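Biologist: Could you walk me through this protein model, one question at a time?

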Amino acid sequence: MKLSDVFMKELQECLNENQDRIRTASQLCNNAVSIQKARQKRLGYLVRYDISLREGAPSHEFNRFGDYKYDVSNIQKHIFLKKEFYKNGNCVYKYNEDNTLFMYVENLKAEAVDGSELINCPNCGAPTTLEAIRNGCSYCGTHFEMSEIYPVVTNYFTKFDVSMVEDRKNMNNPIGILKTYGKAYAKFAKLLTSAPSAASMVAQGGLTSKKRFEEIMQQYIPDFSYLHFGDMAIDMLKLLLFSDNPSSLPFVAKDNCMVVAPNLIDFEFIGFGLDNKDVVVNGKYVIANVYIYVKSLYDTQNGVVKVQENFRATMSRDISKPVKMGFSYTKINCPSCGGVFDAYKTKSCPYCSTVFKLQDEEWFVLDISRG
Ligand SMILES: [Zn+2]
Ligand SMILES: [Zn+2]
């Protein structure tokens, strides 16, 4: 079975809580799934997911990026996504749509491997090295060979498949849409008329194309890759929006970061927006206001409500640091003692107490707000 097929199955099992972890996914990806499930639980929801492949719609791979050691590819699978939200035993919201499942799959180039590569144990998540885990994880004792760890899914998101609507030539025909998608879509279409559509957001300078986004950022970070950034930023966004204590996240450089959407239970990523005027340099740091367009589901007194909205994340990075493929704060080497630890669990090194600062390594978040 192909990695993407196994991942799809495991994702469904994990979202439905029949399985603790997604073995084929990175620790970061697992954290994002757990934090969303915890939010849904806190608000009294039980969500049932059904992810199935759409017949006659093959998956395809596109857009690869990487460096001498890592290789990341984007894989798309055409799926039928069913979600049922239950509260107090009643189904209060149903989602039933053609979707595209986007996956970022990271691989290690065999010829560049020396054993010192940092990994998270696929079984328990403990941080360690590729060499050490061959002799057994020091936490759970499981042995893994490199071929059992890589390739790994580092991130995923699902998107409503607009092309299916176009295919069915019902785009401008409300009755056709109704016939195709039923009442749920009619409600959604109504929301879309009050909020800008993806196409009109592009026209208004909202959504930014991959090419333009890269052009702007490469003025500051020459090896900037949109895909690499997207992989990381979408993951950060999931953790930021579903965390009930965002200041505790290792990439948040603010002690009193607000919970920006406490009643958010699900969201669908649409795209990023960035303009030249949104980017400034302050000392060795580049600071960018990135707009993130999403379709959100909220728990309200009147039930589950779907809205299209955008968040503004103020993000920053040390421009003197080269882009680090394969980097994740769930597996870092302490700069002082060399110990390996997971900065998602503890911000200071458990061996020598040195405080870990993501600001010295990678992109971090200064603030997040609506609009
Ligand atoms: Zn383990
Ligand atoms: Zn240390």
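Biologist: Let's start with the overall picture. How many helices and strands are there in the protein?

Modeller: Remember that we are looking at a predicted model. Counting both kinds of element along the protein gives 9 helices and 14 strands.

Biologist: What percentage of the residues count as buried?

Modeller: A residue is called buried when its relative accessible area is under 20%. The protein has 371 residues, and the share of them that count as buried is 53%.

Biologist: Now some helix packing. Are H1 and H2 roughly parallel or roughly antiparallel to each other?

Modeller: Helix H1 covers residues 3–15, and its axis lies 10 Å from that of H2, at an angle of about 30°. Angles under 35 degrees count as roughly parallel. H1 and H2 are therefore roughly parallel.

Biologist: Is the crossing of H1 and H2 left-handed or right-handed, and which residues make the contact?

Modeller: The crossing of H1 and H2 is right-handed. The residues of their contact divide into 6 nonpolar, no polar and 1 charged. On the H2 side the contact is made by Cys29, Val33 and Lys37, and on the H1 side by Phe7, Leu11, Cys14 and Leu15.

Biologist: H2 also packs with H9. At what angle do H2 and H9 pack?

Modeller: H2 runs over residues 27–42 and H9 over residues 226–242, with their axes 9 Å apart. H2 is roughly parallel to H9, and the packing angle is about 25°.

Biologist: How do the residues of the contact of H2 with H9 divide into nonpolar, polar and charged?

Modeller: H2 passes H9 in a left-handed crossing. From H2 come Leu28, Cys29, Asn31, Ala32, Ile35, Gln36 and Arg39, and from H9 come Asp235, Lys238, Leu239, Leu241 and Phe242. They divide into 7 nonpolar, 2 polar and 3 charged.

Biologist: On to charges. How many salt bridges are found in the whole structure?

Modeller: To count as a salt bridge, a side-chain nitrogen of Lys or Arg must be within 4 Å of a carboxyl oxygen of Asp or Glu. One pair that meets this way is aspartate 71 and arginine 64, at 2.5 Å from N to O. A search of the whole structure finds 21 salt bridges.

Biologist: Does aspartate 71 count as buried or exposed?

Modeller: Buried means under 20% relative accessible area. Aspartate 71 has a relative accessibility of 17%, so this residue counts as buried.

Biologist: Where do glutamate 215 and arginine 212 lie?

Modeller: Their side chains meet in a salt bridge, 3.0 Å from N to O. Glutamate 215 counts as partly exposed at 37% relative accessibility, and arginine 212 does too, at 35%. The two are 3 residues apart, about one turn of the helix, and both lie in H8, residues 210–218.

Biologist: How many residues apart are arginine 134 and glutamate 145?

Modeller: The side chains of arginine 134 and glutamate 145 form a salt bridge at 3.1 Å, N to O. Arginine 134 is in helix H3, while glutamate 145 is in the loop between H3 and helix H4, and the two are 11 residues apart.

Biologist: Which residues are linked with Glu17 in a network of salt bridges?

Modeller: Glutamate 17 lies in the loop between H1 and H2 and counts as partly exposed, at 39% relative accessibility. Its phi is positive, about 60°, although it is not a glycine. The residues linked with Glu17 in the network are Lys37 and Lys41.

Biologist: Which other residue has a positive phi without being a glycine, near 70°?

Modeller: This residue is a serine in the loop between strand E13 and strand E14. With its phi near 70°, the residue is serine 353.

Biologist: How far apart in space are valine 252 and leucine 366?

Modeller: Valine 252 lies in the loop between H9 and strand E8 and is buried, with a relative accessible area of 6%. Its contacts beyond four places in sequence include Leu240, Cys257 and Val365. Valine 252 and leucine 366 are 114 residues apart in sequence, yet from C-alpha to C-alpha the separation is 6.3 Å.

Biologist: One last thing. Is the peptide bond from tyrosine 150 to proline 151 cis or trans?

Modeller: Proline 151 has its place in the loop between H4 and strand E7. Omega for the bond from tyrosine 150 is near -5°, and the bond is cis.

Definitions and conventions:
Residues are numbered from 1 along each chain as its sequence is written. Chains are lettered from A and ligands numbered from 1 in the order in which they are written. This is a predicted model: local features need pLDDT of at least 70, side-chain atom pairs count only at pLDDT 80 or more; totals for chains, interfaces and linings use all residues. Side-chain values use heavy atoms; hydrogens and water are left out. Axes are lines fitted to C-alpha atoms, for helices over the stretch in contact, and angles run from 0 to 180 degrees between N-to-C directions. Helices (H or I, at least four residues) and strands (E, at least two) are DSSP runs, numbered from the N terminus. Angles under 35 degrees count as roughly parallel, over 145 as roughly antiparallel, 65 to 115 as roughly perpendicular and the rest as oblique. A crossing is left-handed if the near helix is turned anticlockwise from the far one by less than a right angle, and right-handed if clockwise. Contact means heavy atoms within 4.5 Å. Ala, Val, Leu, Ile, Met, Phe, Trp, Tyr, Cys and Pro count as nonpolar, Asp, Glu, Lys and Arg as charged, and the others, Gly among them, as polar. Buried means under 20% relative accessible area, exposed over 50%, partly exposed in between (1.4 Å probe, protein chains only).
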